[in-house]
Amino acid sequence: MWHFFHQLGSPKHFYRIAGRWIPWLAVACVVSMLYGLYQGLLVAPTDYQQGDSYRIMFIHVPAAWMSLFIYVVMAGAGAIGLIWHMKLAEVVAISSAPIGASFTFLALITGSIWGKPMWGTWWVWDARLTSELILLFLYLGVMALYGAVEDKRTAARATAILALVGVVNIPIIHYSVEWWNTLHQGPTVTKFDTPSIDLRMLIPLLVMAVAFKLFYVVVLLMRARVEVLERERNTQWVRELVGSP
Amino acid sequence: MNTPSLSRAFGLLLWRDLTLAFRRRTELFNPLLFFVLVTSLFPLGIGAEPALLRAVGPGIIWVAALLAALLSLDSVFRSDFEDGSLEQFLISAQPLSILVLAKVVAHWLITGLPLLIVAPLLGLLLDLPTASIVTLMLTLALGTPVLSLIGAIGVALTVGLRRGGVILSLLVLPLYVPVLIFAANAVESAGAGLSIAAHLSLLSALLALAVSLSPLAAAAALKISLS
């Protein structure tokens, strides 16, 4: 058991093991996503108030969950990389950033498309929307910093600090935005007027959440493999793998 | 050679930075000028109706203060990085976070405090009531140190980069959002005759949090940037 985890920490073995896992995880991802979409788009009942347009929720809500989840993973991996100098944790942290930014963007776009028929406008300065937008900026900051520092190990450590600072700030930002919103007495629109969600809607939602998580893991492993290859390009095993002298 | 005590090192570094700043007096006024200029651009852009200016004034002044703080941030570590003093701080016997705090305090005294002094003038220009102006000064006194402290982390991360300026704003501005919200709202509430105790408490909490944590983060960032 421990032996396995130690192996996973070494770039060479990680490359091999991740390569073996990716196909299986990808199949699981596709299956659960197809099932979730089928259940969500065709089987789940129509909402009594929002009609069929609520069905974008099955993309929007899991994407919003992922946007926060990935940021926490990124900061956690960054902290592990900073404290124990684990190369692989740095790779995971930095490979997560673009995926997280994409999910955040997806959540914003789908929220906007959802908002048009529901609220009658593309954008509301609602507390959740605003904090999601700021989260996107935080992701972009992390990616910009990583791109700007030339030495990639230094870059990974610098972005880890930034991600940790961001993690401390996310709750503060979220509550400040929420409070700002209530003070402004803006258009108070609640997303779910029903007190609880129908089980036939909840199950596809959870399935989609699982599918999105699997998608994240697959893409993360693929990105991490590329990153590992690039970082270890001067080592023996990569040369043997590529077949160059 | 015996090393000076911690408080003495703090004081010496603070004094050194203040002296250096006063030797270059023209640079001292640049962020201040920027602050006044940006604020006075807004009435030209959105129209000079007193009611409109009174409504948006707190936000304008605070956004301008944010930008002025951002503009002056680069000078916290830049010259020390270029002449190598930063590396000396790194290997000195004193904890780096305390030295960072001394530098940030000096930076705030040079760039943050003048904003506080000129703010009432801007409040008058934008036709803010007296209660708002007093609150504006209070929020600036509590808020601008937070801006300097958070900004120091960003500068520490980007000090080794050749073009750190744009990236610095990308890193730091999202983190400034809570300060902006609480401060601008406090001024607005004061104008409407509401209580501002909650806003000020929250700003003070942010300041306490920033004072205790950001020197540590900035010191860690400096160590990485200089490695």
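Predicted model: local features only at pLDDT ≥ 70, side-chain atom pairs only at ≥ 80, totals over all residues.
Residues are numbered from 1 along each chain as its sequence is written, with chains lettered from A and ligands numbered from 1 in the order in which they are written.

**Exercise 1.** Find how far helix α5 of chain A reaches from its first C-alpha to its last.

*Solution.* Start with residues 127-148, which give 22 residues. Helices are DSSP runs (H or I, at least four residues), numbered from the N terminus. The expected span is 1.5 Å times one less than the number of residues. The reach is 32 Å, close to the 32 Å expected. Then look along α5(A): its buried residues (20 or more other C-beta atoms within 10 Å of their own, C-beta atoms being placed from the backbone) include T130(A), L138(A) and L145(A).

**Exercise 2.** Work out which helix of chain B gives the largest share of the side that touches chain A.

*Solution.* First, count contacts (C-beta atoms, placed from the backbone, within 7 Å): 20 residues of chain B meet 23 of chain A. Next, α7, α8, α9 and α10 of chain B each supply at least two residues of that side. The largest share, six residues, comes from α10(B).

**Exercise 3.** Locate H85(A) and decide whether this residue is buried or exposed.

*Solution.* H85(A) sits in the loop between α3 and α4 of chain A. Its phi is near 55°, a positive value in a residue other than glycine. With 11 other C-beta atoms within 10 Å, H85(A) is exposed, the cut-off being 12 or fewer.

Technical notes: Contact = placed C-beta atoms within 7 Å.
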